[in-house]
Amino acid sequence: MNKHELKFRQVHLDFHTSPLIPGIGKSFDKKLWQERLKMGHIDSITCFSCCHHGYSYHPTEVGEMHPHLDFNLLRAQIDASHEIGVNVPIYITAGVNNMVAEKNPGWREVDFQGRYAGWRASPVQPGFITLCFNSPYMDYLCRLIEEAAKLFPDADGMFFDIISQNQCCCPWCMRDMKKQGFNPECEADRIAFGDIVLANYMKRSFEAARSVRADMPVLHNAGHYLGPGFRHMAQYFSHLELESLPTGGWGYDHYPLMAAYCRSQELDYLGMTGKFHTSWGEFGGFKHPNALRYECCAMLAQGSKCSVGDQLHPAGMLDESTCRLIGEAYAEVEKKEPWCSRVSSCAEVAILSNIGFNAYEKEEERIEIGVSRLLLESHIPFDRLDTWAEFDKYKVLILADNLRVDEALRAKLGAFTAKGGKLILSGTSILKKECSEVAFDLPLSTSGELDMEIPNYLCAAPEFAPEGVNTPFVMYRPSLKIKVTGGKSLGDIYSPYFTRTYEHFCSHQHTPNKMESSGFSAGVLTENILYFAHPVFTLYANYGTVILKQFILKGINALLGKEKQIVTTLPTQGRVSLLEQKENKRYVFHALYATPVLRGMTSAPFMPGMRATAPVEIIEELTPVYNVSFEVKVPRKITGARLVPENVDLPFVQEDGKVKFTLAELLCHQMVELSYE
């Protein structure tokens with residue numbers, strides 16, 4: 001498979017336009033369109049063939065052209081962009097289409113309670129309608145895609161949106177579930193059948209997109225299907241686009257976790273943020289230029305290309321303020337591109353994805369968010385792996401909270417540790433998948449039972465104690481009952497006097513701990529395994545407890561010892577990564593720093609049809625940090641260090657494989673080139 005290489009500075013130009021709005025595209029002007037693209041330093045812009053409302057923006061024999069459009073807008077956009085060397089992938093809605101759903105209600109997705117699925121709770125509320133990929137709608141969609149492929153063979157790709165198949169119980173799914181031996185009354189069977197339908201959608205739409213050009217790039221915007229556990233779908237993608245708008249509910253720590261998985265695949269990928277203050281569909285919303293600058297630099301630091309989401313006004317002209325905003329960020333990206341193409345991760349730590357090894361559940365996602373946040377804040381580069389991945393390049397693997405190992409994974413991990421690899425385990429991840437026996441060679445005993453007297457308390461051993469805390473601190477989830485028989489105990493568990501109920505409770509939240517230890521341990525450290533008896537990563541995701549993080553990190557630092565890849569004085573909110581450009585014989589070290597804050601409040605909609613408000617995580621000021629020191633462990637002898645793209649030599653020393661240097665000032669993002677022979 002030839003790798004499709006993406007452009008660095010892309011815009012995803014939404015154009016979901018109501019049939020009630022007149023004058024569609026009336027303000028489109030080729031020269032002004034080109035000027036705005038240049039103003040934004042944009043090298044690729046995704047434009048619309050068919051939107052969520054169901055209308056096409058060009059003549060069509062399969063669908064319906066927007067009733068207030070009187071020329072081929074998409075062709076005009078493609079020709080104007082191509083003339084100045086800007087790519088134009090085309091967009092086709094897939095999972096929702098209101099025009100089609102209103103004409104063919106039998107093609108709609110139906111949930112297992114018999115209700116129509118969609119983005120609205122009632123027909124009298126605004127929102128888009130979900131269609132079933134197992135209904136005749138799939139034939140219609142493929143005809144629409146094939147028509148676009150014929151009309152626009154010069155397009156630079158096809159982007160299919162809202163790709164999912166839920167537990168649909170429409171007549172078509174009920175018929176085929178029974179025909180294929182699935183029980184529609186069983187949730188697991190409904191989910192399994194949905195995965196079959198989704199795979200069929202992927203294959204058919206991919207083939208339709210390539211019905212004219214065998215090399216047409218294809219992207220399915222598929223939410224968690226772009227993550228671990230679905231690598232068998234990769235054959236239907238030419239690349240990956242990871243939608244992650246920090247202000248739209250994703251937050252600033254979402255993208256690094258997604259990118260950590262994509263780095264383990266062979267496909268090129270980009271991160272997609274937005275220019276909006278909140279999220280998609282916000283006309284007249286603008287985030288601060290510093291926020292967009294940071295977000296684009298953070299994508300580069302994760303080894304990816306950049307995309308900024310925008311929405312075109314119905315009149316058809318790119319917004320001047322938006323292009324200027326994007327241009328401020330993309331001018332910087334353009335200068336940094338030479339050090340950001342064809343890079344590979346140098347991470348020595350990897351998370352074994354709970355989602356990739358277990359079925360997808362929100363709880364699994366929360367666990368991985370906890371691991372990711374802790375590693376990001378601790379400046380530990382990491383990748384994210386699933387069952388397809390090889391472990392050989394890593395020195396440490398993390399199995400978090402509930403990832404119980406089957407026989408195949410035990411064998412793979414056994415080979416990994418036999419070669420000197422180390423493991424970090426927590427919660428029930430030390431147990432075999434098929435029973436409650438311990439799966440690893442650890443100096444402890446356990447019955448496999450959880451301590452259900454909650455919350456219990458942890459009194460850390462002195463070596464692992466948080467700063468200033470030498471008494472028991474609260475743990476809000478059960479721990480596995482273990483007794484340590486060797487290695488180093490992480491501390492002791494203390495039980496509460498009782499679990500809070502209406503019959504017996506104490507104070508406002510929970511019952512205090514008994515004065516004597518329960519006799520169970522908080523975990524153990526051996527030469528190659530660190531184990532926490534609590535689901536510490538879920539706890540960190542949910543509560544963000546600083547003393548818990550300090551406890552976990554002291555264990556991790558004790559396990560890694562001198563093998564820790566990066567040591568720095570960068571504050572917690574800073575981010576680091578280490579990538580390699582093998583073709584150029586250099587490592588590229590990235591350091592980022594910004595301080596997102598919450599603004600806004602939760603409130604009900606001002607009037608029907610509007611969205612409720614919620615706090616938004618934003619970046620406004622970029623505050624410099626000074627004299628930040630770094631020690632970066634690399635396997636090669638470094639011959640030179642310099643700040644790039646400034647091309648300023650940077651003093652450094654290399655001792656015991658560690659390159660040591662100091663940044664006099666770090667403002668937002670700095671790259672350091674470390675050359676080798």
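Apart from neighbours within four places in sequence, Trp 33 is in contact (heavy atoms within 4.5 Å) with Leu 13, Phe 28, Ile 45, Cys 47, Gln 77, Ala 80, Ser 81, Leu 312, Gly 316, Met 317 and Leu 318. The model is predicted, so that local features need pLDDT of at least 70 and side-chain atom pairs count only at pLDDT 80 or more, while totals for chains, interfaces and linings use all residues. Residues are numbered from 1 along each chain as its sequence is written, and side-chain values use heavy atoms, with hydrogens and water left out.

Trp 33, Ile 45, Phe 160 and Tyr 201 touch the most other members of the largest nonpolar core, which has 110 residues. Such a core is a set of buried Ala, Val, Leu, Ile, Met, Phe, Trp, Tyr and Cys residues joined through side-chain atoms within 4.5 Å; buried means under 20% relative accessible area, with a 1.4 Å probe and protein chains only. Helix H4 (residues 137-151) gives the most to this core, with 9 residues. Helices are DSSP runs of H or I, at least four residues, numbered from the N terminus. A second, separate core of 39 residues includes Phe 382, Ile 398, Ala 522 and Leu 560.

In the contact between helices H1 and H2, Lys 30, Trp 33, Gln 34 and Leu 37 of H1 meet Gln 77, Ala 80, Ser 81 and Glu 83 of H2.

Helix H13 (residues 536-543) is mostly covered, with 6 of its 8 residues buried. These are Val 536, Phe 537, Thr 538, Leu 539, Tyr 540 and Ala 541. After H13 comes Gly 544, whose phi is positive, near 60 degrees.

Methods. Helices (H or I, at least four residues) and strands (E, at least two) are DSSP runs, numbered from the N terminus. Buried means under 20% relative accessible area, exposed over 50%, partly exposed in between (1.4 Å probe, protein chains only).
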